[in-house]
Amino acid sequence: MPKERSAWPVVLVSMPFMDFRRPSLQLGLLKAIGVASGFPVRTFHANLDFAARIGADRYRALSEHRRGMVGDWLFSLQAFGDEAPDPDGRLLDDFAAELTYLAGDERRGTLRDQLLRMRHDDVPAYLDALLDAFPWHTVRVVGFTSTFQQNTASFALARRLKERHAGLLTLFGGANFDGEMGVEFVRAVDSVDAAIIGEGDMAFPQFLRTLAAGGDLDTVPGLARRIEGRVVAVPPLPPLRRLDELPVPDYDEYFQHAEDLGILRRASHRSVWIPVETARGCWWGAKHHCTFCGLNATTMEFRSKAAERVLAEFAQQARRYRTFRFETVDNILDTRYLKSLFPALIGSDASYEIFYEVKANLGREQLKLMADAGVTQIQPGLESLSSRVLRLMHKGCSAAQNINLLRWAQYYGINVAWNLLWGFPGETQEDYAAQAAVMPHLWHLQPPSSANRIWMERFSPLYRDRHTLLWHCRPEPSYRYVYPAGVDLDRTAYFFEHEVKGALPDSDYLDVRKAVDDWITASRGNHHRPVLQYWQAPHFVQIYDGRNEGKEGTYTFEGPLADLYLACSNRAITAATARNRLGLDQSVEAIEGTLRELAKLGLVFLDGPAALALAIPAPRRRPVLEY
């Protein structure tokens, strides 16, 4: 290691409220990049210490809540001191209805008392303990990665560190510092010395090399820093294309620290989900950016690793960390993996559990392939069961495709994480009445986790076109309780409140919200789990309908009717296509009439002219052999 580089020890920190149940990909990757460049880089998952202090359940609730800003509010006093805008806790009163999810043990006092005690006692004690828990005097650069509600905790620790170690340099990066957000935080927050805006894979080691050599930091791509009261920001490099050249992330410190704190038990086999990056950007968003999506602000260009590299990374991390669970952080699946990575995983006989975000137009054969390869969880971004609303979103899929994905994911044992969204320009009350009407027929499938109006995110097309499509678009109100007046919220906020021009009233969504609630309740039944499944033989189908307790029954179809139903099972087809494929004697109009009758029974979903069977095949059981 060159002498000048060894003299620049670096620590990369992840603060609350990052999820404590898995390591930080950002820390693990940047550590590996820094070490490969010859610098003594360490990581510090300091979020684990706060989770241990306040309890895992309370920490998890705070980390999963991204509106109301209560997580950032908790650290605001320590981050900004006398400049903090809400020393007395007005946020807890003004947003009380949104914070009920945090209610815990009543013996500890009211929720308001608990959060105030956490702010005034736990947070300062936690920050003080961090100063003694790490040899900061040996460090020259402290890097903070920040996404969602990690800002003020990071600012608070950076402020304490700079007060105690005057020569220490603080460097920030992450999604919260993308675009003009990073420039404004560098300008307005004294504890931020510099920030890397955009991808840091090339900029971070170049920053360290330039520092160590005493060079000109204005040559570091993507670097923003204050110079004589103004911010100088260097344009970033184009997005990194050759992802295979990146090192494998190093998560050693996370596991050691989590086990030392008792958050993870020491074991020879672990069940932690390891973050793995197999692609960046979004190939669909590069063509048609979904109207509400604020991801990939400056890095939409899609890039992916070779299947061979991904296969090797899975194997290396499984051996290193003794877990077989992998959570890919990709925004969308590279469809080339259907012909490369997944067949290779099947051929490897590895026993992995894998999570992927996917586009919802996957069919039966593709889902079977993924299940065979070890994919057990997907997030397909369904968002709606109305083809018209999906077109308003620019989703590039139909309601029938969404429902078909739910069907075959259910059959192949893949868990589907999805939400139902509304509040888009141009939608009608009929769009939601139709969705509410079909949901009772889908009780045998996985329901959405929630149903809500869309959030307004910076970098989304709706935000970009806010002057045309929206009224009163302004930073989400709780930011004002967190950041001092000197921070320009219009430039730093990620979430915004808004009113869509010509928006439907909340009352028009009541039926669909109730339908979702009923679906969720039915899926959680202890004594009755909804089912709609079929058995088939040539020209013969029996369908068992057990979606509603007390109304169970069996339908028997023979001949052309059985053939028609099965023809609609793999994917949605039109009556004309079914007639030609099956060689039916009936007219297209007659077949359409039959499909409408099946739809009335809740056995078929009609999406315009296309029909989709709703029942799924009955699971095959291994025969019991008698000897």
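I began with a charge over a ring, and found Arg119 over the face of Trp73, at 4.0 Å from the ring centre; I counted such a case when NZ of Lys or CZ of Arg is within 6 Å of the ring centre and within 35 degrees of the ring normal. I then looked up Arg140, which lies over the face of Trp8 at 3.9 Å from the ring centre.

I note that this is a predicted model, in which local features need pLDDT of at least 70 and side-chain atom pairs count only at pLDDT 80 or more, while totals for chains, interfaces and linings use all residues. Residues are numbered from 1 along each chain as its sequence is written, and side-chain values use heavy atoms, with hydrogens and water left out.

Next I turned to the sheet. I found seven strands in an open sheet with mixed pairing, in the order β2-β1-β3-β4-β5-β6-β7; strands (E, at least two residues) and helices (H or I, at least four) are DSSP runs numbered from the N terminus, and two strands pair if DSSP finds at least two bridges between them. The edges are β2 (41–44) and β7 (230–233), each of which pairs on one side only. Neighbouring strands of this sheet are turned by 25 degrees against each other on average, direction ignored. I looked at one pairing inside it: β4 (residues 169–173) and β5 (residues 194–196) run in the parallel sense over two bridges, and Phe172 stands opposite Ala195 in β5.

I also looked up helix α8 (residues 151–164), which lies across β1 (10–14), β3 (141–145) and β4 and runs at about 170 degrees to β3. Contact here means heavy atoms within 4.5 Å, and axes are lines fitted to C-alpha atoms, for helices over the stretch in contact, with angles from 0 to 180 degrees between N-to-C directions.

Finally I searched the whole structure for aromatic pairs and found 43; rings of Phe, Tyr and Trp (its six-membered ring) pair if their centres lie within 6.5 Å, with planes under 30 degrees apart counted as stacked, over 60 as edge-to-face and the rest as tilted. One of them, Phe20 with Tyr59, is edge-to-face, at 5.6 Å centre to centre and 80 degrees between the planes. Phe20 lies in the loop between β1 and α2 (25–36) and Tyr59 in helix α4 (residues 56–64), so the pair ties together parts 39 residues apart in sequence. Both Phe20 and Tyr59 are buried, where buried means under 20% relative accessible area, exposed over 50% and partly exposed in between (1.4 Å probe, protein chains only).
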